[in-house]
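Please consult the sequence and the model alongside the text.

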Amino acid sequence: MRAAIILAAGQGTRMRSAQPKVMHQLAGRPMVQHLLAACAPVFQRIVVVVGPGMEELAAAVAPHATVVQQERLGTGHAARIAAPLLEGFAGDVAVLYGDNPLITTATLERLVAARETTDLALLAMRPADPGRYGRVVQDETGQVARIVEHADATEAERAIPLCNAGVVCAAAP
């Protein structure tokens, strides 16, 4: 059994909108619904982390469970507050950002398949312009050694084309 925690508490500040970021329309529906559609065939349980006052978002992701992140204290905090809704869950859990509507079911299937052979699977990408994405530094065997944020990266690390997509999958415990 697999579960997904979708982080969707962002306010859309950079989008200069009072509407939650994940509620912005893409191809006729909120972007979070595109991600939910990709997740549904892969994950049997989905929990969406929303911010305070995001009742419209909670309604848009129904029937999936929601939990309110009262204080926006980051990604790790958001995943931790979702954990009680997965109490007793023994399978794998993926953590995803709700503003990634282009992740496909096939990509998620490859992520969970990769998790079967390692403790933690990480989704990474090689964009044409890596810009300010965090970089995935690999060791000599090709395994992930660490992730370095762009602001903390050396010039050599910024030249690495493999970027962190921010999606992870691991055993629930």
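## Basis

This is a predicted model, in which local features need pLDDT of at least 70 and side-chain atom pairs count only at pLDDT 80 or more, whereas totals for chains, interfaces and linings use all residues. Residues are numbered from 1 along each chain as its sequence is written, and side-chain values use heavy atoms, with hydrogens and water left out.

Helix α3 spans residues 75-82, and His77, Ala78 and Ala82 are buried in it (buried: under 20% relative accessible area, 1.4 Å probe, protein chains only; helices: DSSP runs of H or I, at least four residues; strands: E, at least two). These residues lie on the same side of α3 because they cover an arc of only 135 degrees around the axis. Among the elements that cover them are β1 (2-7), β4 (45-50) and β5 (65-68).

In α4, the buried residues are Thr107, Leu108, Leu111, Val112 and Arg115. Their arc around the axis is only 135 degrees, which puts them on the same side of α4. Their cover includes β1, α1 (31-39), β6 (92-97), β7 and β10 (163-171).

## The second largest pocket

The second largest pocket has a volume of about 430 Å³. A pocket is an open set of points on a 1 Å grid where a 1.4 Å probe fits, with protein on both sides within 12 Å along at least five of seven lines; lining residues have an atom within 4 Å of a point. The volume is the space filled by probe spheres set on the points.

Of its 17 lining residues, Ala114, Leu120, Ala121, Leu122 and Val144 are the closest to the centre. Strand β7 gives the largest share of the lining, five residues, and α4 (105-115), β7 (120-125) and β8 (135-138) each supply at least two.

Terms used. Buried means under 20% relative accessible area, exposed over 50%, partly exposed in between (1.4 Å probe, protein chains only). The arc is that of the directions from the helix axis to the C-beta atoms. Contact means heavy atoms within 4.5 Å.
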